[in-house]
Amino acid sequence: MTRNFLIETRNHGNVRILALRGFLDAHTAPRFEAAVEEELREGRSRLVADCSGLDYISSAGLGVFMTFIDEARAAGGDIKLASIQPKVYQIFDVLGFPALFDIQPTVEEAVARFETGTREG
Amino acid sequence: MASYERTFCLQVPSSTENLALIREFVSAIGEQAGFSESETMKLALAVDEACTNVIEHAYQNEETHEVTVRVTVDEEEIAFEVVDRGRGFDPTQEPVLPVEELIRRRSSGGLGLRLIRTIMDDVQYRIVPGQMNELRMVKKRKPGGVKPEPGGSR
């Protein structure tokens, strides 16, 4: 399928950015799950999901955030979300994610939250 | 009684690879029926969740079966029927736990159903033993919303 899902990783200081592109559903979520799992296994717990290129998310994708958020926070980090398109944000919003996850307008702001030690949205 | 009714049907192999195709099918009909882009995406999400449940639970991820999505549009509502012939799995009987509790359990079980119930106005499940299982989801048109044009032209 042309409408697939890609993850590009990069560093921003000591924060790891995972840029998500495309469609995150039950078919593609296992790849995202493996990517987050690897980051945590490698000791990188300060993660920002750059959602600017994310066109769609279903419960399978949301589940990845839910599965690893406690582990990242227990390790002294967090999984922050940034730059979510409005059409995708409505799905996070319906489930009450903004109260549980730190969601920021831009990647830079999400990274800055690590520096100030702020967690909750 | 609705003065007209249109029905669309899609049948695909029971693989998550086909979820994208199912969403495009639903989105095209939603747009044609006059739903906004935002509403259409939510309809596609609800049907995606229902089909994911069928593939993962009713068919246990076996890709050799079929999932059928039937969509009926009339003046009052858009109705989706997701039909399978797998192991009867009634998602409406599953507990809907708060997201905080799911995080504690490191689980996303029931999240799909929560989305379906939030998006749709009516959700019903029907089992015909030995023949089929059917999840029916209905979304009412908003009063004053865009009505579809008879004949399907846009």
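Colleague: In chain B, what share of the contacts between residues at least 6 apart in sequence join residues at least 24 apart?

Modeller: For chain B the share is 66%. Keep in mind that this is a predicted model. The corresponding share in chain A is 68%, again among contacts between residues at least 6 apart in sequence.

Colleague: Thanks! Which elements does chain B have, and in what order?

Modeller: Chain B has four helices and five strands. Starting at the N terminus, they run β-α-α-β-β-α-α-β-β. Chain A has five helices and five strands, and its pattern along the sequence is β-β-α-β-α-β-α-α-β-α.

Colleague: Let's take one helix. How far apart are the end C-alpha atoms of α1(A)?

Modeller: They are 18 Å apart. Helix α1 of chain A covers residues 29–41, and 13 residues at 1.5 Å a residue should span 18 Å, so expectation and model agree.

Colleague: Which residues of α1(A) are buried?

Modeller: Here is the general idea. An α-helix has 3.6 residues a turn, so residues three or four places apart point the same way. In α1(A), the buried residues are A:Ala29, A:Phe32, A:Val36 and A:Glu39. Their arc around the axis is only 90°, so they sit on the same side of α1(A).

Colleague: What lies on the face turned away from that buried side?

Modeller: That face of α1(A) carries exposed residues: A:Pro30, A:Ala34, A:Glu38 and A:Arg41. As for the buried residues, what covers them includes β1 (5–12), β2 (15–24), β3 (46–57) and α2 (59–74) of chain A. After the helix comes A:Gly43, with a positive phi near 85°.

Colleague: Now the two chains together. How many residues of chain A are in contact with chain B?

Modeller: There are 22 from chain A, in contact with 23 residues of chain B. On the chain A side, the elements giving two or more residues are α2 and α3 (86–94). The largest share, eight residues, comes from α2(A). By type, the chain A side divides into 11 nonpolar, seven polar and four charged residues.

Colleague: Which residues have the most contacts inside the largest nonpolar core?

Modeller: They are A:Leu24, B:Ala46, B:Val47, B:Ala50, B:Cys51 and B:Val82, in a core of 72 residues. Helix α2 of chain B, residues 37–58, gives the most to this core, with 11 residues.

Colleague: Which residues does B:Val82 touch, not counting those up to four places away in sequence?

Modeller: B:Val82 touches B:Val47, B:Ala50, B:Cys51, B:Val54, B:Val67, B:Val69 and B:Leu135.

Definitions and conventions
Residues numbered from 1 in each chain as written. Chains lettered and ligands numbered in written order. Predicted model: local features only at pLDDT ≥ 70, side-chain atom pairs only at ≥ 80, totals over all residues. Contact = placed C-beta atoms within 7 Å. Expected span 1.5 Å × (residues − 1). Buried ≥ 20, exposed ≤ 12 C-beta atoms within 10 Å, placed from the backbone. Arc of directions from axis to C-beta. Nonpolar A, V, L, I, M, F, W, Y, C, P; charged D, E, K, R; others polar. Core = buried A, V, L, I, M, F, W, Y, C linked by C-beta atoms within 7 Å.
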